[in-house]
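Subject: Structure handover

Hi,

Here is the structure for your files. My notes on it follow below.

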Amino acid sequence: MSRFIDQYILNEEQKERIGKVEELAARFAERAPRHDREGSFPFENFADLREAGYLKSTVPQQFGGDGISLYELVLLQERLAYGDGSTALAVGWHLGQILHLRTTRKWPQDIFADLCRSVVKDGTMINTFASEAASGSPSRGGRPETTAIAADGGWRITGRKTYSTLSPILDRFVVSAYIPDEDCASDFLVERTDRVTVVETWDVLGMRATGSHDVALDDVFVGSDMRLSGKGTDDGGGWLLHIPACYMGIAMAARDFALEFARSYRPNNLDAPIASLPSVQRSIGEMEVELRTARSLLYSAADRWDREENNRPSLKPELGLAKYTVTNNAIKVVDLAMRIVGGTSLSRELPLERYYRDVRAGLHNPPMDNTVFQMLANASLNEKP
Ligand SMILES: Cc1cc2nc3c(=O)[nH]c(=O)nc-3n(C[C@H](O)[C@H](O)[C@H](O)COP(=O)(O)OP(=O)(O)OC[C@H]3O[C@@H](n4cnc5c(N)ncnc54)[C@H](O)[C@@H]3O)c2cc1C
């Protein structure tokens, strides 16, 4: 029987891409325990991703990228996270944002083209630093405390961002800042200079190797053409599915570990491995319910987003539901996997305790559960009777 994880591969091209990502994931899985323990940034993983051409996956083909679809992004990111959740989440922000810029066209064409060429040629990466201690999650609409003040030929930006994933490796990034003179917020593309400091604050329970430190900006100059105020076409935020794809990959890894354990572990009070026990089979069945439900929602949301180009804004509830279901089910799956394995699952020699910590972070990536509930409530209340 073919592997459950391969169930959503639709054609030979996807199979080939998955094959390459699987090799990377296996390599990253070996490095993951050390980076998790140290809380260090896996620079070598990103060198490998660059070398493999993975960083250009979502770049439009006209600029030399692969121009993959959202469905394919989900497929690849899930597989990468199977090996290492931190690396997958971190590179997911980069790939997802390029896809988002590709579909919304919200940046001036020349700036986007320059970024794309640089990704293809030099392996440049991008991320947006929007979260702040005082404003909380940007998805809730809080005003940034980081300010942009008009200066000769541009802007001077001062403030401090939190949760800045990929900060150890980025040489340019987007920040949101408030412009007091205009009483509005805007995005700016910032080059890393000596006025930008990465403050190594990221010492957390899970996703420890994402390098999501604070980034302090001290009167950083940004040229006037680097103000990115356009909103572009509303794409419904489909790119954010890179987040549930990541947590699904971690849950799949936990599931496979528990299955292998159940098939091979035979304590001396039994005549057969624990997989023969009805109680263990019930837990396996429960894991499958959580996984199959979540994956079917995830892949159908991604597929609809790809196909229904003119309907993307109205897919937001579906996308939110997929994220909510996947992240919560992934937590349940890792929990069940640990119950199947028993006390051994607590060992730091095994990956399960890391999966358990990593998967928890999904609750705090957008859209958060309460936002999804609100969105679904609004969608139903606004339905025409
Ligand atoms: C691994 C990881 C990587 C991340 N990477 C990035 C990144 O690269 N860039 C980036 O910008 N951010 C990033 N984030 C940050 C993330 O998007 C959130 O900003 C962050 O997790 C804080 O969200 P929060 O909901 O806890 O914060 P808050 O908005 O401060 O909320 C805290 C709590 O208060 C309540 N609350 C606050 N306001 C409201 C409200 N209006 N309505 C209802 N409840 C409310 C909620 O119960 C919530 O649980 C990352 C987060 C994680 C965990």
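Two aromatic rings of Phe, Tyr or Trp (its six-membered ring) form a pair if their centres lie within 6.5 Å; planes under 30 degrees apart count as stacked, over 60 as edge-to-face and the rest as tilted. By that rule the structure holds 11 aromatic pairs. One aromatic cluster is formed by Tyr-8, Tyr-71 and Tyr-299.

Some ground rules. The model is predicted, so to speak of a local feature takes pLDDT of at least 70, side-chain atom pairs count only at pLDDT 80 or more, and totals for chains, interfaces and linings use all residues. Numbering runs from 1 along each chain as its sequence is written, and side-chain values use heavy atoms, with hydrogens and water left out.

Charges over rings

A charge sits over a ring if NZ of Lys or CZ of Arg is within 6 Å of the ring centre and within 35 degrees of the ring normal. Arg-143 has its charged end over the ring of Tyr-178, 3.8 Å from the centre. Arg-3 lies over the face of Tyr-82, at 6.0 Å from the ring centre.

Cavity

The search uses a 1 Å grid over the protein atoms alone. A cavity is a set of points where a 1.4 Å probe fits but cannot get out; a pocket is an open set with protein on both sides within 12 Å along at least five of seven lines. Lining residues have an atom within 4 Å of a point. Points are joined across faces, edges and corners, and a volume is the space filled by probe spheres set on them.

There is one cavity of 30 Å³ or more. The largest cavity has a volume of about 30 Å³. Its lining is Ala-32, Asp-36, Asp-84, Ser-86, Arg-208, Ala-209, Arg-354 and Asp-358. By class, that is two nonpolar, one polar and five charged. (Nonpolar: Ala, Val, Leu, Ile, Met, Phe, Trp, Tyr, Cys and Pro; charged: Asp, Glu, Lys and Arg; polar: the others, Gly among them.) Helix H1 (12-38) and helix H9 (352-360) each supply at least two of the lining residues. Helices (H or I, at least four residues) and strands (E, at least two) are DSSP runs, numbered from the N terminus.

Second largest pocket

This pocket holds about 280 Å³ of space. Its lining has 19 residues, with Pro-60, Leu-99, Arg-102, Thr-103 and Arg-105 nearest the centre. Helix H4 (85-104), helix H5 (109-122) and helix H7 (278-307) each give two or more residues. H4 gives the most, with four. The lining splits into eight nonpolar, five polar and six charged residues. Why does the pocket lie between domain 1 (4-122) and domain 3 (238-381)? Because both domains give residues to its lining. The domain bounds come from an automatic or database domain assignment.

UniProt spans

Positions are in the numbering used here, feature names are shortened, and annotations may be inferred rather than shown by experiment.

- "Acyl-CoA dehydrogenase/oxidase N-terminal" (unreviewed entry) covers residues 12-98 in UniProt. The span is 74% helix and 0% strand, with end C-alpha atoms 25 Å apart.
- "Acyl-CoA oxidase/dehydrogenase middle" (unreviewed entry) is listed by UniProt for residues 130-220.
- "Acyl-CoA dehydrogenase/oxidase C-terminal" (unreviewed entry) is listed by UniProt for residues 245-361. This span is 73% helix and 0% strand, and its end C-alpha atoms are 13 Å apart.

Backbone

Pro-366 and Pro-367 are joined by a cis peptide bond, with omega about -15 degrees. Pro-367 lies in the loop between H9 and helix H10 (369-381). Leu-166 has a positive phi, near 75 degrees, though not a glycine. Leu-166 is in the loop between strand E3 (154-164) and strand E4 (172-179).

Best wishes
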